[in-house]
Amino acid sequence: MDHSRTTSLSWRPPRTCDDYWSEFKNCKSLRNRFHHYYAHGTSPSCQQWKDDYQNCSAWEKRKDTGAKEALQRSERNRVAEQKKFIPVWDLRREPPIDWHLPLKQEGPRDS
Amino acid sequence: MDQSKQEEDYGYDLFPERSQGQQRKSTLKQSLFTFNHKCRVMLQLAMETSPYAKLLLSAMKSSGCNIYKDRHFACEDCDGTVSGGFDAASSQIVLCQNNIHQQSHMNRVVTHELIHAFDHCRAHVDWFNNYRHLACSEIRAANLSGDCSFHNELARFNFGLKEHHQKCVRGRALRSILAVRKISREEAEKIVDDVFDSCFNDHSPFGRIPHSKKDAKFAYRDYMNRDRYHANL
């Protein structure tokens, strides 16, 4: 599938604009600011959510390509932030083979 | 291998019903008015209403580990004050029916154990031999399940504010390891320290540390939206 051709015709913001707004409001709420301080010792920075909302709206209203690119950059950055750690274990390619096997009903565990 | 030694080494002695095999016979009276019934009702409610649990259940399904309540959960009597456990050998989550009496506690235990199950499903976790793996999953479970929320810590009379969450996560991970493995406190502390930065920052499948039910709802919303999200990055 030629992804690049289809994306320019059918691109939508990764989240709905309402979602960006609700994330912004949640970020700025007293409860969240408290939790953030409790977990990280700092105040949360919420401006990015507001920028994302504004870029999202700009795209929805005017198909502003600058806004689209800014939004994509912001979200890619968020994804990268979530990957900033060296995993302790190796990921599986398949689920564990015994996940769905029935339980052993009789007798004590062996091996 | 000497089975009783294995049981002690891996913490199975906390879950005495596990080594007797699964006994399912009970009268109707026993069925309705027991801790077992209450446990199963609370479990059902947790799976249906907790956004933490719903997200984990979806994520596990996507990873090929569909959860069937009757197969993957067991309500049992346990020793001491332990609330639950994940048995990798049988791919089952144990809920301690004699120690979980409130729905909010059930929600939290289910979330905590589902995080272990999720880790088991998506990664080669060597639960029995690699203490770093064990520590990592415990750090993640304490971090992401709400175990270390301000209110829960307050209820334990652990008062702290700035970055207390992290202190709590370290402490609970340490306790969990010491409860099921025979190593010294110093050794366990070193292992937790070693893997803390990596595992504290692994928020999968939530995408964030859900500090409240609202955060968990947002995380669930994001998870349900993930196809659109990744298609438009």
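I shall begin with the contact between the chains and then turn to the cavities.

First, the conventions: this is a predicted model, in which local features need pLDDT of at least 70 and side-chain atom pairs count only at pLDDT 80 or more, while totals for chains, interfaces and linings use all residues. Residues are numbered from 1 along each chain as its sequence is written, chains are lettered from A and ligands numbered from 1 in the order in which they are written, and side-chain values use heavy atoms, with hydrogens and water left out.

Taking contact as heavy atoms within 4.5 Å, chain B contributes 69 residues and chain A contributes 50 residues. The size of an interface is often given as the accessible area lost when the parts come together. Here the buried area, that is, the accessible area (1.4 Å probe) lost on putting the two parts together, summed over both, is about 5,200 Å², and carbon and sulfur atoms give 53% of it. On the side of chain B, Arg228(B), Asn232(B) and Leu233(B) supply 14% of the area buried against chain A, more than any other three residues.

Four salt bridges are counted between chain B and chain A, each being a side-chain nitrogen of Lys or Arg within 4 Å of a carboxyl oxygen of Asp or Glu. Arg15(A) and Asp222(B) form a salt bridge, at 3.1 Å from N to O. By class, the side of chain B that touches chain A has 23 nonpolar, 29 polar and 17 charged residues. In this scheme Ala, Val, Leu, Ile, Met, Phe, Trp, Tyr, Cys and Pro are nonpolar, Asp, Glu, Lys and Arg are charged, and the others, Gly among them, are polar.

How many cavities of 30 Å³ or more does the structure hold? There are two, a cavity being a set of points on a 1 Å grid over the protein atoms alone where a 1.4 Å probe fits but cannot get out, with lining residues having an atom within 4 Å of a point. Volume is the space filled by probe spheres set on the points, which are joined across faces, edges and corners.

The largest cavity has a volume of about 40 Å³. Its lining includes His35(A), Tyr38(A), His165(B) and His211(B), and divides into four nonpolar, six polar and no charged residues.

The second largest cavity, of about 30 Å³, is lined by residues including His35(A), Arg31(A), Lys214(B) and Asp215(B). This lining has no nonpolar, four polar and three charged residues.

Definitions and conventions:
1 Å grid on protein atoms, 1.4 Å probe; cavity = no way out; pocket = protein on both sides within 12 Å on 5 of 7 lines; lining within 4 Å.
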